[in-house]
Amino acid sequence: MSRRNRADKRRMLPDVKFGSVKVAELINVVLQKGKYSIAERIVYNAIDHLKQKIGGEDSALDVFNTSLDHVKPNVEVKSRRIGGANYQVPIEVPDRRSTALALRWIVDFSKKRNEKDMAKKLGSELVQAYNNEGSSIRKKVEVHKMAEANKAFAHFKY
């Protein structure tokens, strides 16, 4: 890692079916062992499952974006060492990181579900996120509570 300059952020190409960068990011989070086509199939089937469960006139991409927005955290805590003591300092989460955290939480908690295949697990987790319930929403609330509890150390922000 260079000490002089920050590395430029690489722009992601949108996915094939929906033309969305966020769906492409979800495919990359689901991706294992380089099997892109399998990850792509899982994500597209999960979004179809999400659309069937929710119904309505909204497009599948709108429903997916809404469920993703429900999981995105606004604040998180970072450990900061000051004078021999470690403090959990609450900081605001940049948009790019909040999206990455939300996608990671959705995929992690969908893997732990007790359903038959990964597409159904991921679809069910997205449905619950759309309805503001489920494990990924619980994780977001947990992170927000932790930040709220450590609000007294906010002046250590860097």
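Student: What makes up the protein chain, in helices and strands?

Tutor: The model is predicted. Its protein chain has six helices and two strands. Along the sequence the pattern reads α-α-α-β-β-α-α-α. The C-alpha trace spans about 55 × 40 × 30 Å along its principal axes.

Student: Why is Thr99 called buried?

Tutor: Buried means under 20% relative accessible area. Thr99 has 5%, so Thr99 is buried. This residue lies in helix α4.

Student: What is Thr99 in contact with, leaving aside its neighbours within four places in sequence?

Tutor: Its partners are Glu25, Leu68 and Lys72. Contact here means heavy atoms within 4.5 Å.

Student: And why does Ser67 count as buried?

Tutor: The limit is again under 20%. Ser67 has 0% relative accessibility, so Ser67 counts as buried. Its place is in helix α3.

Student: What lies around Ser67?

Tutor: Leave aside the neighbours within four places in sequence, and Ser67 is in contact with Leu50, Leu126, Ala129 and Tyr130. Take Val127 too: Ser67 and Val127 are 60 residues apart in sequence, yet 7.3 Å apart in space, C-alpha to C-alpha.

Student: How much of the protein chain is buried?

Tutor: Buried residues make up 35% of the 158 residues. The accessible surface comes to about 10400 Å². Carbon and sulfur atoms hold 47% of that surface.

Student: How do you know that β1 and β2 pair?

Tutor: Two strands pair if DSSP finds at least two bridges between them. Eight bridges join β1 (residues 75–82) to β2 (residues 85–92), so the two strands pair. They run antiparallel.

Student: What joins the hairpin, and what phi does Gly83 take?

Tutor: Two residues sit between the strands. Gly83 takes a positive phi near 60°.

Student: What makes a set of residues a nonpolar core?

Tutor: Its members are buried, come from a list of residue types such as Val, Leu and Phe, and are joined through side-chain atoms within 4.5 Å. The largest such core here has 31 residues. Among those with the most contacts inside it are Val23, Phe64 and Leu122. Each of α1 (21–30), α2 (36–54), α3 (60–71), α4 (95–111), α5 (118–130) and α6 (135–149) supplies at least two residues of this core. Helix α2 gives the most, with seven residues.

Student: Which residues is Leu122 in contact with, beyond its neighbours within four places in sequence?

Tutor: Leu122 is in contact with Leu26, Val30, Ile42, Val43, Ala46, Ile106, Val107 and Ser110.

Student: What share of the contacts joins residues 24 or more positions apart?

Tutor: Such pairs account for 58% of the contacts with a separation of 6 or more.

Student: How many side chains are positive, and how many negative?

Tutor: Lys and Arg count as positive, Asp and Glu as negative. On that basis the protein chain has 32 positive and 19 negative side chains. The centres of the two sets lie 9 Å apart.

Notes
Residues are numbered from 1 along each chain as its sequence is written. This is a predicted model: local features need pLDDT of at least 70, side-chain atom pairs count only at pLDDT 80 or more; totals for chains, interfaces and linings use all residues. Side-chain values use heavy atoms; hydrogens and water are left out. Helices (H or I, at least four residues) and strands (E, at least two) are DSSP runs, numbered from the N terminus. Buried means under 20% relative accessible area, exposed over 50%, partly exposed in between (1.4 Å probe, protein chains only). Accessible areas come from the Shrake-Rupley method with a 1.4 Å probe; for residues, only the protein chains shown count as cover. The place of a charge is taken as NZ of Lys, CZ of Arg, CG of Asp or CD of Glu.
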